[in-house]
Amino acid sequence: MNPQDKKTNLSLWYRNSSAASTLTILLILLLMSTALAIAAPAFLKASNLLSTARNFSAIAVAGIGVSVVILTGNIDISIGSIYGLAGVSVAMLMKSGWSLVPAVAAGMAVGGLCGLANGLLVVYLRLPSYIATLGMMQIVRGVCYILTQGYPVSGMADSFKWIGQGELMGVPLPIYFMVLFALVFAVFRNRTKTGRRIFALGGNEEATRISGVNTKALKILCFVLAGVCAAFAGVINASKVGVAQPTAGNGFEMDAIASVIIGGSSMGGGVGTVTGTLIGAAIMGVLRNALVLLSVESYWQTLVMGVVIISAVTIDQLRKARR
Amino acid sequence: MSEQTRPLLEMRGVSKSFPGVKALDRVDLQVYPGEVLALVGENGAGKSTLMKILSGVHRMDEGEIYLEGKAVSLPDPLSSQKAGISIIYQELNTLNNLSIAENIFIGREPIAKNGLVDRQRQHREARALLDEVKLPLDTQTLTGKLSTAQKQMVEVAKALSFNAKLIIMDEPTSSLTNAETRTLFDIVRRLKARGVAIVFITHRMVEIFQIADRVAVLRDGQMAATMHARDTTEADIISAMVGREIGDLYVKEVAPLGEVALEVQGLSTKNRLHDVSFYVRSGEILGFAGLVGAGRSEVMRAVFGIDPRQSGTILVRGKKAAIRKTGDALRYGIGFVPEDRKEQALILDMTVKKNMSLAALDRVSRGWFIDRLRESRLAEKFVSLLRVRTPSLEQRVKNLSGGNQQKVVIAKWMANEPLILILDEPTRGIDVGAKKEIHKLMSDLARQGVAIVLVSSELPEVIGMSDRIVVMHEGRVKGSFDRRGVTQEEIMQMAVS
């Protein structure tokens, strides 16, 4: 192979490969972190790093879930409401005497059912996923309010706080959960038959169907997974705060979706990695932390987040367009 | 009609190539004012390309076009419209969310002094045009509510509003009822009387003799013949259409025929297919001939569980098969290479390996998990067996040539070891070398006992590769032939009427 070929191959790889996309955003994350470490040395303190990671783990878990829906070329904007409903459900169940594990399992099942409803609406009523989940977003939020009459749910057994506030070997539990979800989903997406079929569906739905794949069931499954993950993220959050707010997760869907998009997934489907989503969530988390450490007025934070989302995706687009 | 008059349109030596195909080869054509010229030819003969050059969609590589004796260039659709050429496509271009009047004047609405659209005038002018095509509808009616025939009339009215001197109609009658066709012909005759020239693309022989003054036959991109309708016969036209050489095409080797692998009885679908029955034995290749739109692909899609069936029974190896979705067809050992490989068969952004294993993931997996070694071995096997030219298994299929892409699609189904393989236009748009390889492969598969159904619009391919040939016409099976001794003319004769 002459050097010319090698160069072409490299640049081709750089433009096409998902790994290159992940590397690019990892670089962005490192640059941001370095700049922040210089501007505010407190950033590098272990306690700060761990709490930052703990804070973005809920976004990452929900992002990993919704990324599967995005992989099929659809979107789920009801995950913020599912996140809220799951927190409320688990809290209410525990208050009525359920113990932690069954309550959390039930909360995730509630999320899965919401996802099932989304999937059925999209597949059988042929609603665009944006519309179906926009409706579900309101319905599920309404259920939150009805169940709680608008009041926060508190007074659960102490075990409720374990998921969000517990630590193992000095590391907050949410970080373990985030890593666990990432590993399970990475294996699911890249190594299983179902995972492969989801990628294929996102690439070309008709061709996938003609290849003998039950694309309807597959799509529904993706929405269920997104619901389950959003529910667990909601549980992490409620447990971290110690109180389940019926309003929890308002706007959260945008954070989760943003982490997926920053992470290099294509809204058109078929492209994306779990690692990318994880880094995307980390970028959002580090940025929030930076704004706090640098005592930027909180009104500015929202604005800056928007700028970062647009910049990250633009950089990725430029990379693909490079000749 | 009258040759002494000057032609309205004259094309001289028009050629057009696309990568790998010469779509038009030095075509000469004259169209006279006030005549109806029927343009006929097999699928792929070059009719659409010719039409697209006239409408300014494609640019010719060489040649000259004269309108009323003056050389013109038609670089884009607008200049072609201005020159007085209007095209009415088979897939009508009406904007269904707009009214009839808005459709007619889209992009050139009359403007009043206040800078807004002069709706009064638009309405008045549209009314006059609709009266001319005898369409008794309110100009404010939404186009979406019209029937296909009415939409066609709107398109004709639009063409008239451009003062079109030449109107090209691409298979205008294909979706019309008999009564609607008669209405259309009335209007064609009226246009003709006004001196408008009509180029009428059709597959229906009867219509040619009803409406056309002259017939021009395209074959493989060349003008095979032009003749006067009144002193020609259906047989003459057909023989001009099919004069293609069988030449050095691959011919299926003899294979022992086994039991009936697939039998379809009385298959009907809503509005499309009527009582279609056929069978194919293992080791046999059953060819499906017919014109585009005859329903051949629809039969295959319905059998494979892609489109719903209204009635009919499918038997696989003599037993009733309940095929309701594509996964069922797969389990019964049926494979399907669809007609459009990019839209229906390949995940273009996925690698060669992943495309090849997609329908056979169960064979390369342990439980839920894909065994990556087995997957690679499977892909390697087929890359070398089918001689797929790709730099690696990790190459994305979108970067392969058409022929190699098609081999990937065939490999995908071979990987599943099907008993029955349905191939819809398996060699369309691929180079001669790859075509031959695919023919050889089909022959080999048949010898190994696979039952093959081949849908093809190329008659030599059907005749060369098939043991038996089924001919379809307008959603029905018209008849069948044993391949020995059948001629292209006989098949075409059955396919067109």
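Q: Before we go on, what should I know about the model and the numbering?
A: This is a predicted model: local features need pLDDT of at least 70, side-chain atom pairs count only at pLDDT 80 or more, and totals for chains, interfaces and linings use all residues. Residues are numbered from 1 along each chain as its sequence is written, while chains are lettered from A and ligands numbered from 1 in the order in which they are written.

Q: Thanks. What does Phe200(B) touch?
A: Not counting residues up to four places away in sequence, Phe200(B) touches Val36(B), Leu37(B), Ala38(B), Leu39(B), Met169(B), Ile211(B) and Ala212(B). Two residues are in contact if their C-beta atoms, placed from the backbone, lie within 7 Å.

Q: Back to α11(A). At what angle do α3(A) and α11(A) pack?
A: Helix α3 (residues 46-71) of chain A packs with α11(A) at about 175°, and the axes are 7 Å apart. That makes α3(A) roughly antiparallel to α11(A). Axes are lines fitted to C-alpha atoms, for helices over the stretch in contact, and angles run from 0 to 180 degrees between N-to-C directions. Angles under 35 degrees count as roughly parallel, over 145 as roughly antiparallel, 65 to 115 as roughly perpendicular and the rest as oblique.

Q: Which residues meet there?
A: On the α3(A) side they include Val61(A), Ala62(A) and Gly65(A), and on the α11(A) side they include Cys222(A), Ala226(A) and Cys229(A).

Q: How many helices and strands does chain A have?
A: Chain A has 14 helices and two strands. Its radius of gyration is 20 Å, close to the 20 Å that the globule rule gives for 323 residues, so chain A is as compact as a globular protein of that length. The radius is taken over C-alpha atoms, and the rule is 2.2 Å times the number of residues to the power 0.38. Buried residues make up 50% of the chain A total.

Q: And what about chain B?
A: Chain B comes to 17 helices and 22 strands. A compact globule of 497 residues would have a radius of gyration near 23 Å, and chain B agrees with 25 Å. In chain B, 49% of the residues are buried.

Q: How far apart are the centres of the two domains of chain B?
A: The C-alpha centres of domain 1 and domain 2 of chain B lie 34 Å apart. Their contact takes 11 residues from domain 1 and nine residues from domain 2. Helix α8 (residues 234-241) of chain B gives the most to the domain 1 side, with three residues.

Q: How many residues does each chain put into the contact between A and B?
A: Chain B puts in 25 residues and chain A 16 residues. On the chain B side, α10 (326-331), α11 (341-345) and β18 (369-370) give two or more residues. The largest share of that side, four residues, comes from α10(B).

Q: Changing topic: what is the phi of Gln149(A)?
A: Gln149(A) has a positive phi of about 55° although it is not a glycine. Most residues other than glycine have a negative phi. Gln149(A) sits in the loop between α6 (129-148) and α7 (162-165) of chain A. With 7 other C-beta atoms within 10 Å, Gln149(A) is exposed.

Q: What about Arg26(B), and where is that residue?
A: Arg26(B) is in strand β2 (residues 21-31) of chain B, and its phi is near 45°, also a positive value. Arg26(B) counts as partly exposed, with 15 C-beta neighbours inside 10 Å.

Note on methods: Buried ≥ 20, exposed ≤ 12 C-beta atoms within 10 Å, placed from the backbone. Domains from an automatic or database assignment.
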